[in-house]
Amino acid sequence: MKRLWFSAVFLLAAVGFCIWEQAAVYPQCGEMIRMIDEAIEERDPNEKKDMCEEIEEEWARFDTRAQYICDHSILHSAEISVGTLKDLNNLNEEDTNEALIEAKSEIRQVLDHSAISLSNIL
């Protein structure tokens, strides 16, 4: 009987941790994806550069907390993509948009990987 109680408590703790992870990751990733969409739509190169810097600053704030709860390999690949955004000073609009789309894809992977699913719980 003790094993059943322990299993139930352990399963509830695992579900609770997944819900907490989702609550911590979802709003910030959603905000970064929204910022990237706005940057893609922007036509002024200087404004687009400023938006890219803001996205990178938002990522830095998110990354320090996400290191505790997310898979490091997925975070690392997203960090590489987002880290290239500040170095887009002299690129044309098409190349800048490609880098933004790549960063958006990586952030979406972080979001999808931390979604509540049976594989994440177990």
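At what angle do the axes of H1 and H2 cross, and within what distance do they come? The two axes cross at roughly 170 degrees and come within 9 Å. H1 is therefore roughly antiparallel to H2, a label given to angles over 145 degrees, whereas those under 35 count as roughly parallel, 65 to 115 as roughly perpendicular and the rest as oblique.

The model is predicted, so local features need pLDDT of at least 70 and side-chain atom pairs count only at pLDDT 80 or more, while totals for chains, interfaces and linings use all residues. Residues are numbered from 1 along each chain as its sequence is written, and side-chain values use heavy atoms, with hydrogens and water left out.

**First selection: H1 and H2**

Select residues 2-41 for H1 and residues 45-66 for H2. Helices are DSSP runs of H or I with at least four residues, numbered from the N terminus. Axes are lines fitted to C-alpha atoms over the stretch in contact, and angles run from 0 to 180 degrees between N-to-C directions. On the H1 side, the residues that meet H2 include Ala-24, Val-25, Cys-29 and Ile-36; their partners in H2 include Met-51, Ile-55 and Trp-59. Contact means heavy atoms within 4.5 Å. By class, the residues of this contact divide into twelve nonpolar, one polar and five charged. Ala, Val, Leu, Ile, Met, Phe, Trp, Tyr, Cys and Pro count as nonpolar, Asp, Glu, Lys and Arg as charged, and the others, Gly among them, as polar.

Centre on Gln-28, which lies in H1. At 15% relative accessibility, Gln-28 counts as buried (buried is under 20% relative accessible area, exposed over 50%, partly exposed in between, with a 1.4 Å probe and protein chains only). Leaving aside neighbours within four places in sequence, Gln-28 is in contact with Glu-58, Phe-62 and Arg-65. With the same exclusion of neighbours within four places, Glu-58 is in contact with Gln-28, Met-32 and Met-35.

Show the sulfur atoms of Cys-29 and Cys-52. The structure holds zero disulfides, a disulfide being a pair of cysteine sulfur atoms within 2.5 Å. Cys-52 is in no disulfide, and the nearest cysteine sulfur, that of Cys-29, is 17 Å away. Cys-29 counts as buried at 0% relative accessibility, and Cys-52 counts as buried at 2%.

Select H3, residues 72-83. The axes of H3 and H4 come within 8 Å and cross at roughly 160 degrees, which makes H3 roughly antiparallel to H4. Among the H3 residues in the contact are Ile-74, Leu-75 and Val-82; H4 contributes residues including Glu-102, Ala-103 and His-113. Seven nonpolar, four polar and two charged residues make up the contact.

Finish at Asp-71 in the loop between H2 and H3. Asp-71 counts as partly exposed at 32% relative accessibility. The C-alpha atoms of Asp-71 and Glu-102, 31 residues apart along the chain, are separated by 19 Å.

Methods
Helices (H or I, at least four residues) and strands (E, at least two) are DSSP runs, numbered from the N terminus.
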